[in-house]
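Please work through each task before reading its solution.

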Amino acid sequence: MLMTLGAMAQNDLDAFRFSQVNWSGTARFMGAGGAFGSIGGDFSSLATNPAGIGLFKKDEISFTPIVINAIGTNAVYNGESVDANSVRYSLTNFGSIFSWTLERSKPEEERKWRMMQFGFGYNRINDFNNLVYASGMSGGTTMIDGFVNASHGINYNNLTHDGELAWGTWLMDTVAGTDDQYENFIGHHDMRQNSYTKTTGGIDEMNFSLGANYNDQLYLGLTLGVPFLNYKAETEYSEVDENDAVGGFNEWTSYETLRTSGTGINAKFGLIYQPLDFMRIGVAIHTPTYYGNLKENYTRQIKSDFDSDDFDEDYENLSKYKLTTPFRVMGSLGFLIAKRAFISAEYEFTDYSMARLASSENILYRYDYAKENDNVKLKYGACHTIRVGGELTVTEHFLVRLGYSYSSSPFKNKINTGSAHNISGGIGFRGRVFFADLAYVCRLTGQNSWFFEDPTLNPVEISNINHKFAATIGVKF
């Protein structure tokens, strides 16, 4: 979700946005709340605790071809409430596991290293699909002030980017007698402000995992993760003179498109220890993800509508940068009940203040991102996530699942909200060869957003509800 609309180039919000994860994957994983850190035995657990691969004793292939996201948002700005809805389709998982027995020459009772596994495939670890529409009266605030303030001291012949667009569309003009001081040409009247933001894309992570089973008591795992990031945001913002406060002026509109793409790399280490037949303990550490060459394409077009004429200006900016996300630590505890059910709880810690931006340009022209990284440390902090889930075998082949997760706000000093709740459930069929699972996840989030940077501007209070339906099919052999 864009916290400040109209922000160009890389900033602290990019570092935060692309560091976040919202684990998806198989319908079984999602239906039980993703709490598989100590349970394992599901392909998607390789993305959270790689030791989960050590529980596999057969080869397996799974595929999640159906994931439907029904997204609903409510935005309240200056007392006016607007709803927006959309439906998106995506794929969240494909995976395969291959297992083989070790120490075959020894009698079974003497084998300590029982099994070894290799797995590869992908899971969706974040989904950017969203839609927000907000509208309300401005109370005299205007985005044009930002263009004016950023242009002071620059001769009108040398204006670039937003300043050049505002100048070319008659939204600002020079102060009389100067050629580098500017004023808002429209003034500060009560106008209708509208904002429409659509975001699409996600982060899909390829996983290459190795695991081992020691004495059916200790399970070890290592995953090499290769995330593919693809993000697109389209924003339309307008200020409309509904009350004819400015003679000859009707409205002006800004159209923005931001596209970001790139590939990263990380590593994950995990273990699951089973001290008792009915209890398992899991621990996992995720290294930071390193994106060495994120490509960003930003375009902005401004149009103004006067009675006498219309004006239109635009520009495009291409850039590249590096991003290092924070590390993650997870701990989990699971209980197995009579080989018919499990209950599991998991804790995840991430400190978003550790995210870092860096330049990927030639050293002679390198931008240091000092201001942006200082803002990361200033605005963001530790995020605590708790996941709980369970599964019950009702009959020989039919299973039911429930799950819940909560993530605390990642913002420091209560500068924003941002906590999230996930409620999930699912059913499954497990045969000797074929299996199929269905899951439903309801995600509830809330966050404030601002049209632009202005200390007098009120926030847009956004509530989001995401209904996700997923289906997975697979075979064991």
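The exercises below treat salt bridges and surface charge in this predicted model.

**Exercise 1.** Determine whether Asp12 and Lys379 form a salt bridge, and state where each residue lies.

*Solution.* 
Step 1. The criterion requires a side-chain nitrogen of Lys or Arg within 4 Å of a carboxyl oxygen of Asp or Glu.
Step 2. The closest N and O atoms of Asp12 and Lys379 are 3.4 Å apart, and the pair forms a salt bridge.
Step 3. Asp12 counts as buried because its relative accessibility is 6%. Lys379, at 26%, counts as partly exposed.

**Exercise 2.** Which elements hold Glu346 and Arg387, and are these residues buried or exposed?

*Solution.* 
Step 1. A salt bridge joins the side chains of Glu346 and Arg387, with an N to O distance of 3.0 Å.
Step 2. Glu346 is in strand E15 (residues 341-351), while Arg387 is in strand E17 (residues 382-393); the pair therefore ties together parts that are 41 residues apart in sequence.
Step 3. Buried means under 20% relative accessible area. Glu346 has a relative accessibility of 3%, so this residue counts as buried. Arg387 has a relative accessibility of 5% and therefore also counts as buried.

**Exercise 3.** Describe the placement of the salt bridge between Lys377 and Asp374.

*Solution.* 
Step 1. The closest N and O atoms of Lys377 and Asp374 lie 3.8 Å apart, and the two residues form a salt bridge.
Step 2. Both residues are in helix H5, separated by 3 residues, or about one turn of the helix.
Step 3. Lys377 counts as partly exposed because its relative accessibility is 38%. Asp374 likewise counts as partly exposed, at 44%.

**Exercise 4.** How many salt bridges are counted, and which residues are linked in a network?

*Solution.* 
Step 1. The count comes to 19 salt bridges.
Step 2. The network of salt bridges links Arg28, Glu391, Arg401, Arg430 and Asp437.

**Exercise 5.** Identify the residues of the patch of negative charge on the surface, and locate Asp309.

*Solution.* 
Step 1. The patch of negative charge gathers Asp309, Asp310, Asp312, Asp314 and Glu316 on the surface.
Step 2. Asp309 occupies the loop between strand E12 (290-306) and strand E13 (310-324).
Step 3. Asp309 has a relative accessibility of 41%, so this residue counts as partly exposed.

Conventions. Residues are numbered from 1 along each chain as its sequence is written. This is a predicted model: local features need pLDDT of at least 70, side-chain atom pairs count only at pLDDT 80 or more; totals for chains, interfaces and linings use all residues. Side-chain values use heavy atoms; hydrogens and water are left out. Helices (H or I, at least four residues) and strands (E, at least two) are DSSP runs, numbered from the N terminus. Buried means under 20% relative accessible area, exposed over 50%, partly exposed in between (1.4 Å probe, protein chains only). Patches are made of residues with over 30% relative accessible area and no salt bridge: like charges are joined within 9 Å, nonpolar side chains (Val, Leu, Ile, Met, Phe, Trp, Tyr) within 5 Å. Accessible areas come from the Shrake-Rupley method with a 1.4 Å probe; for residues, only the protein chains shown count as cover. Lys and Arg count as positive and Asp and Glu as negative; His and the chain ends are not counted. The place of a charge is taken as NZ of Lys, CZ of Arg, CG of Asp or CD of Glu.
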